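Hello,

Here is the structure I promised to pass on.

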Amino acid sequence: MTRIAMRGRGVRRARSLRSRWFVVAAAFAVLAACNTDQLLNANAPDRVPASTIDDPKQAALMVNSAVGDFDCAIGSYTVVEAIISDEFSDAQLGAAGWPYDRRDAGTQTGGIYGTNPCTNNQNPGVYTPLSTARWSSDNALTKLQGWTDEDVGSSRTDLMAQAALYAGFSYTLMGMSMCEAAFDLGAPVDQMAMFALAEDRFGTAIADGGTAGDQDVVNAAYVGRARVRLYQGNTQGAASDAQLVPAGFELDASTGSDDNRRYNRVYAVTAQFGLYTVDPQSRDLLVGPTVYAGGSTAGFVSDPRADVAQATTRAADPTQTIFYPTKYSADDSPLPIATYTEAQLILAEATGGAGAVTIINALRDAAGVPHYTGATDAASITALVADERRRALFAEGFRNYDIQRFNLPLIPAPGTAFRNGGFYGNTTCLALPDVERFNNPNVH
Amino acid sequence: MQHRTSWFARPSLGTGPQRHGQAAMHSVAALVALITLLVVPVHSALAQSGEISGTIVSESSQRPIAGAQVVVEGQTGTGTVTDASGHFHLSGVTGAQVTLNARMLGFRPASQTVRVGATDIRFALADRPIELNQVVVTGTAGGQQQRALGNSVAKVNAAEVVANAPIPSVESLINGRAPGVTVMPGTGMIGAGANIRIRGVSTFSLSGDPLIYVDGVRVDNQTGTGMAVQAFGSGVVSRLNDFDPNDIESIEILKGPAAATLYGTEAARGVINIITKKGAAEGTQYSFTIRQGANWFMNPEGRVPTNYWRDPSGNIQSVNVVQTEDARGTPIFRTGQMQDWAANVSGGAGTLRYFVSAGKGTNDGAEPNNGRDQFNARTNLQITPNEKIDLQTSLGYVQSHTTLSCEGGCGGATWGAWFSTPANLPQNCAPDAPPQCSWVRGFQSSPPESDRAMQDWQDINRFTGSFTMRFKPFKWMTHRLSVGTDFTQTKNEELLPYLTNDTLRYFWGSYADGWKYQDRDEAVFNTYDYNGTVQFDVTPKVNSSTSFGVQYYTKYFSNITGEGDFFPAPGLETISSAATKPTTLDDYSNNNTLGFYAQEQFGWQNRLFLTAALRVDNNSAFGKDVKWVTYPKASLSWVLNEEPMFREHVPAFVNTFKLRAAYGESGQQPSTFTALRTFSPVPGPGGTPALTPASIGNPALGPERGKEIELGFDAGLFNDRAGLEFTLYDTHTHNAILLRGVAPSSGFGAQSQYVNAGEIMNRGIEALLKGQIFNGKDYGWDLGLNFSANQGRVIKLSGSDTTIVNGSIQQRVGYAPDSWFREKVVSARFDPNTGQAVDVMCDDGNGGSTPCYDASGKVIAPRVFLGRAVPALEGSLSSNVRFFKRFRLTTMVDFKAHYKKYNNDERVRCQVFRTCMENMEPEKYDPRVIAQMQSSGTLVDFVVDDAKYAKLREVTLSWDAPSQYVGRFGAKALTLSLAMRNLHTWTDYTGPDPEDFFVSGGSGNGSTFIDQSMLPQLTSYVLTAHLSF
């Protein structure tokens, strides 16, 4: 082979190489020239980006959504508080929910009370639903305060009042159920601090509601502020708010049978699904001239305000029978948030003495049950108020915090064997859950 | 040639069943005489024209080999290839006696000296454990020869496996046959599928499912699709098992980023390539397979726990509901029947090759409401109009109906039986007890007939089709274009009819009027795949192969869900007829991937190969800040035994030796829109439209990136009688994605958040040893051993985190991902006065002890490492013994070890319902265990059990009928076999089956942790008759 021939072959190979690489490069150039964005488009038809709702035009939707979050949260809150207290007991065979009934949920911070949603009938959550409701209403309030009437329209002040009202109740329920809670990834605060935050929001609701002429919001805020003032020891302030609430006033959570989220959760977990039942201690509450303490029932009648009925629903635990409060007889039975009755009981508690008896007997008249004619010393009135609240506010989410603040005895006593293993504890409020402790950088 | 074969085999012997019936009446002598009369003249005729004919089969399975080459030694140009039936015919052979050489890729060549004119030559080719010239699918246009590959590819010769033993599912094909590939079935429910994990746990929370391709088309790889019972831990229905093992030629598994780089994003968990059968050669072969069998729960009375109760008189009573129900004549479990048939025709004529198949089967489980009916059909065509163009279609269709029973957290008969109690026996009912007391018969909560009133099923229609065109315009250039779709229409239903039986109505309470739930899903996967390869010689010794390609994948999911509750009257079973309709939902989502790659490979003397590649991908799920992601790859392959120096340094028994090394990267992206902060629509006050916080989002979220180094060798030993593949890998997943809780105070606590949480390392070895212990004319013995060991470790976690908690499972730096961490009780004392364990001390994590509880009863001891949740060691031992010429006995034992499982059966029995003997007589047992059983579920280390096991998975005895018998009714081969599965388990695990797991108990990556009232793997036998014409 001559050198020329070899060179010629080398040149041809080089040309061949170039031409082949050119083919490859050309192919890539064509592909690179394509507009690929369209090829990668994806839709999210079941979700709304945050940027969409963060718009003054969506202010009403934002507030309505916050109310919806609260309406769902109060249902599961009410159920949990009833189970921890002596109102309800467990009737299922799923162990995850037993710590509520066993009153040791406070020692199981990784438990469901911290993580479960408001829609879980078997194991309703508390902390997450209330946190969501609190954030939704506070977020709406903050946004509305930053916008102008021009941005939102004339309804802005009323929307602010509503947002503040539901923020107030969210803080309130959080304080009644949790020993500690955090807000907006802040450091944990105790119950009194939560009530103080609630009082601030109720104050905003009263002011803005008044400006907007929304008397329902104002009345509900009075009830709420009276409650948290009472809990903080401001009886005078509580009384002054409570007496502003007109007779017959009631603000309810919206409920419905159209969707699990809107179920009256108390009815759902009892008569509908057979997961929880009215505790035997609360199945026939008697009311009469004194605080019933056992023994003779002469002069006492079954209190219709705490009436219960046996459901046809079979309990998941075959050893249990389902009883449910007759005030909640369907998925769309309203669930009270703030009522004239509560305002009057706050007023009675703040007033004390014979004045308290007068107020309570007026409530009894409305219920058609005998008057209280017992002693009016401070201890007796405290016992009367606690007992009256147990009946008049039955299964409305008050009993557990009342046990805590009135220091009522826990029955069965801590240390008693729980029927499904372990022993009764002394939980009345729930500790900051792990889900907050592990994921909030400001919790140490 | 084909006509002659047919003429020889058929005319005089007749066909059909009547002929088969007569055959039994003939004496052997008469048969021999007849055959002699028929065959001798033919022999004479063939000898006169220099003809030789015969058959080539696989030694291990006796399956005919199509396309094998047969040449006459020393007579150039005298050769042929076998047809679809493995038959060959040579003509023009000179001489009276010649030597024939037979060879086929993947088999050891064989030679025979034969007489010219012989018509019954039979070659049984033995498998070649190491075949460097075999082409495997790697993502490039023409695949790659094994010799050029720098990484390992696990190959399951499905056709061989199925020929030896009836394999019920694709996952059973893979289980124990591919080192490093972990198949975790979870339940013995018929129709339920397994989770498959490759090379350990490489993510915290994303899916661990490998990608699946069928004939080049990416297909739906989901598990647990749709059925309502699956939400509660019941068995999952895996889309992988929709494919019929009878239709599969081979399965090739690319195990990690080093091998799967060209598959790009989503391929970090590996790729399973399913290659279906094609028509291989001239001629036509018809095959029919009929199977009959049964499935049952072996030894239920010994595996369903006996439970105890101390009656009011202080006597300890026991119940085993399996025994009590058997005695009552209402056994809990049944023997489920299975039967199926499959038929196919394959072959070719001129430019056409074809494989057409159909199959139908019914398989019933051990529970009356569990079973699966399936129909499959497939048509694969190949047309090669000229040497430049090759067109292939692969069209598969499956229709199935699967019913699953409740188990796990769903309840069902298993739940009621596992947690039975003597307190619920009729004789223990108080006189005034409610009726359910005598109705539950010792079961927990309700009797089986109550649970079985409810039906859960899934119907699917699935079409998987592809069209592939190979175009070779020049010798140096190859193009391949594949377009395909995988369309699955799924209907999931749950129905409780209106109950008329008063007892059942009682147990269903307010639901006794019934309900119906229906979910209709569509999943569409489309593949558009172009690849090109340019090859040329750079120098006489150096070859270049440049590959490039573009792939576009689309995924689309849609579903419509409806629910109707309370039927007004019996017989109504539609949502429309229900009184209330609480749920109507529809949704859809899509995700697309676009990617390009370029690869350059230089080969030196066809024995040293250097490869480098780069893949670039974009995906709908990437955030705006994450555009194109690149994945590089490099590999080296060196066929050392072809080096002149090799023989000087290496013992002669090593005849093939290839060294390989590879580095590669690939990814795994989160779901679409996980980076976005979103709200979900919900019904608000009064049913008005409202939104609620959904996902908090994570704008900084990026894809996981797997980086892998793989080193290994393939060795053929003792003249290819044995083969050893050994691989060492080191995989690091960077930016591993974790679904972690969100602090509820942020407002978005309802949903967890995907975060790039850290780095996971998986390091391990894989070994596959196959060998022929003995190979004689009538006897042979092949052994196979595969083994893998994995050492996983969390290398780092983001920020200041060193631990991420997910219940009892933690991700902790320095430990394997998904490890058990719980308080460990190290000492306790039993107080006979109180009957309680007291002074309970726990491991303090530093080698000492500390009180488990504080004064309030809160657990204060630290959680300590108890073990891995996924196996670190696994493998299998398989054997194939051929004896008396026509019998084969194949067995496989597989094993998993070095992992622990959360035995929730034991926890629920002993800690919740307190029906263990330890609860009756605590003074007789270890106080450490008693302390846990008496706790309120806070101490549980006693149920984190060692779950290692070895299982006798498959035993099959086959008999190949003599050809002279089957030829009498026109057939070419008949094989009868008896196969048994899951015959015995060796384990210390205290639950019913170490393979059980509660599907919902795993974290997002599908690792499997918790066992609770799951049905064990069923034992089965299958009788098979396989006939080919």
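The largest nonpolar core has 135 residues, and I174(B), I251(B) and I274(B) have the most contacts inside it. Such a core is a set of buried Ala, Val, Leu, Ile, Met, Phe, Trp, Tyr and Cys residues joined through C-beta atoms within 7 Å, where buried asks for 20 or more other C-beta atoms within 10 Å of a residue's own, with C-beta atoms placed from the backbone. Leaving out residues up to four places away in sequence, I274(B) touches I212(B), Y213(B), V214(B), F243(B), I248(B) and I251(B) (contact: C-beta atoms, placed from the backbone, within 7 Å). Another core lies apart from it, with 129 residues, including A338(A) and L430(A).

Before you read on: this is a predicted model, in which local features need pLDDT of at least 70 and side-chain atom pairs pLDDT 80 or more, while totals for chains, interfaces and linings use all residues. Residues are numbered from 1 along each chain as its sequence is written, with chains lettered from A and ligands numbered from 1 in the order in which they are written.

Of the 444 residues in chain A, 54% are buried. The C-alpha atoms of chain A fill a box of roughly 130 × 60 × 40 Å along the principal axes.

As for the interface, 72 residues of chain A are in contact with 68 residues of chain B. On the chain A side, 29 are nonpolar, 29 polar and 14 charged (nonpolar: Ala, Val, Leu, Ile, Met, Phe, Trp, Tyr, Cys and Pro; charged: Asp, Glu, Lys and Arg; polar: the others, Gly among them).

Best wishes

Technical notes: A residue is buried if 20 or more other C-beta atoms lie within 10 Å of its own, exposed if 12 or fewer, and partly exposed in between; C-beta atoms are placed from the backbone. Two residues are in contact if their C-beta atoms, placed from the backbone, lie within 7 Å.
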